[in-house]
Amino acid sequence: MNELAGKRLLLGITGGIAAYKSIELVRLLRKSAAEVQVVLTGAASQFVTPMTLQAVSGRPVRQDLFDPAHEAAMGHIELARWADLVLVAPASAGFMARLANGFADNLLATLCLATTAPIILAPAMNQQMWANPATRHNVALLEQRGVELWGPASGDQACGEIGPGRMLEPEALLGQLQGRFAPGPLSGVRVLLTAGPTREPLDPVRFIGNRSSGKMGFALATAFAGAGAAVELVAGPVSLDTPPGVERIDVETACEMEQAVMSRVTGCDIFVGCAAVADYRPDAVAAQKIKKHNDRMELRLVRNPDILAGVAARTDAPFTVGFAAETQAAEDHAEKKRIAKRIDMIAANLVGAREGGFERDENALTLLWEGGREALPMMDKRRLAEQLVSVVTEHYLAARHPAS
Ligand code: PMT
């Protein structure tokens, strides 16, 4: 199977000696029947010529943001929409800084801002530049926003130094691209996810909330999309970027979250409740800011709907995964929740001042299902999400195609 046939790849080339390798990359991509549109930065054209790249790609190379031939029809936006994927190889330290800061001062940087396609960078630079705190900061910022980095490799550098900073070889980049477009194990599967906290208003300025940052749920959305699923993410109020390829629905309260979930759950194959949903909301919301007239004040709360239990109770229930956030005896409480809510799997995590769970970049989970368990140790939430998705995938596929 040729995964790249007909795929529209926008190859950005920035200024660096590794740019010469991109000519071979274009040739390999064309041989794999991909459509390749090359965009050169001004610095890149000091290393490779548009003429060569036009010859190997079979398309005119684009270089200028202010190109009268194309910009009359908003050519940069057209290109941003055209691409199935944007690969910048080599990606220089300067270009990464530009991207991290959201500059739109050349065609490639502008395209990257305007596209909804996944963006992948193959960095190439001197090893000291790669190690510089400014570059480390830019890398962290870009990865946080869902930009992927492939490489750099380590070894001899053009400047005579040895260390990390070499662009991956064209054959390696081709292999990664083929893997990226290979149908994932969840291709054709619809996943609905909740993430983040809910806010239950008391008056126009105050609310009852919790410490969920949305990081765990957004990492899961990224991992499900990476496994090929079509992902809808119902998000409480968080300040995170939408993962590439994921459809996001923003809500604020538990009732809004329930409504958003229930209106989308029909036909969905997997539901994951990662949101920290408020169990109670104020019975009444004051129309004006509540004044402090008394020494004591009592709040009357009413139960919120249980979204997870509601999804699991449907006759057309998808494969349903819940989370349990506990401050003690996480596994015991989680197992009780799994049984009470009649869900297929639950992920237990300890939360609290010392244990984490909420807000941090790392987490640990214990997965429980009927007759089984698996512990996933403390690690970065992105890696943890990938491992959780792979366990869920295995169980979902087994439930869909039970062994006869
Ligand atoms: O967002 P982060 O900062 O990355 O933190 C991640 C996390 C700690 C929030 C996450 O890992 C987690 O544990 N999410 C579930 C938090 C929670 O509300 O747990 P719970 O034990 O109170 O709820 C059990 C399950 O029922 C959850 O799947 C929850 O989404 C669901 N629920 C709860 C109440 C309600 N009214 N409706 C629900 O659907």
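Predicted model: local features only at pLDDT ≥ 70, side-chain atom pairs only at ≥ 80, totals over all residues.

**Stop 1: the ligand**

Select the ligand and the residues around it. There are 29 of these, and S212, S213, K337, N349 and E359 come nearest. Zoom in on S212. One of its polar side-chain atoms lies 2.6 Å from an oxygen atom of the ligand. Now pick M216. Here a backbone N or O atom is 2.8 Å from a ligand oxygen. Move to N349, where a polar side-chain atom lies 2.6 Å from an oxygen atom of the ligand. How much of the ligand's accessible area does the protein cover? The protein covers 96% of the 770 Å² that the ligand has on its own.

**Stop 2: K337 and helix α13**

Stay with K337, one of the residues that come nearest to the ligand. K337 also forms a salt bridge with E326, with the closest N and O atoms 2.7 Å apart. K337 lies in helix α13 and E326 in strand β16 (residues 319-326), so the pair ties together parts that are eleven residues apart in sequence. Is E326 buried or exposed? E326 counts as buried, at 11% relative accessibility. K337 is partly exposed, at 30%.

Next, select E335 and R338. They form a salt bridge too, and their closest N and O atoms are 2.9 Å apart. Both lie in helix α13, three residues apart, about one turn of the helix. An α-helix has 3.6 residues a turn, so residues three or four places apart point the same way. R338 is buried, with a relative accessible area of 6%, while E335 is partly exposed at 26%.

Then pick K341 and D306. Their side chains meet in a salt bridge of 2.6 Å, N to O. K341 lies in helix α13 (residues 330-341) and D306 in the loop between β15 and α12 (307-312), so this pair ties together parts that are 35 residues apart in sequence. K341 is partly exposed at 22%, and D306 is partly exposed at 33%.

The structure holds 19 salt bridges. For a network of them, select K21, R166 and E169.

**Stop 3: helix α4**

Select residues 75-82, which make up helix α4. Which residues of α4 are buried? They are G75, H76, L79, A80 and W82. Look down the axis of α4: its buried residues fall within an arc of 160°, so they line one face of the helix. E78 and R81, on the other side of α4, are exposed.

**Stop 4: M96 in helix α5**

Pick M96, in helix α5 (residues 93-100). M96 is buried, with a relative accessible area of 1%. The C-alpha atoms of M96 and D332 are separated by 47 Å, and the two residues are 236 apart along the chain.

**Stop 5: a loop with T253**

Go to the loop between β12 (246-250) and α11 (254-262), where T253 sits. T253 counts as buried, at 12% relative accessibility. Its side chain reaches the backbone nitrogen of E256 at 3.1 Å.

**Stop 6: a nonpolar patch**

Select Y280, M297, L299 and L301, which make a nonpolar surface patch of about 400 Å². L301 lies in strand β15 (residues 301-303). At 39% relative accessibility, L301 counts as partly exposed.

Terms used. Residues numbered from 1 in each chain as written. Heavy atoms only, no water. Patch = residues over 30% accessible without salt bridge, like charges linked within 9 Å, V, L, I, M, F, W, Y side chains within 5 Å. Areas by Shrake-Rupley, 256 points an atom, 1.4 Å probe, with all protein chains shown as cover. Salt bridge = Lys/Arg side-chain N within 4 Å of Asp/Glu carboxyl O. Helix = DSSP H or I, 4+ residues; strand = E, 2+ residues; numbered from the N terminus. Buried < 20%, exposed > 50% of the residue type's maximum accessible area, 1.4 Å probe, protein only. Arc of directions from axis to C-beta. Near = heavy atom within 4 Å. Polar contact = N/O pair within 3.5 Å; in protein donor to acceptor, adjacent residues only side chain to side chain.
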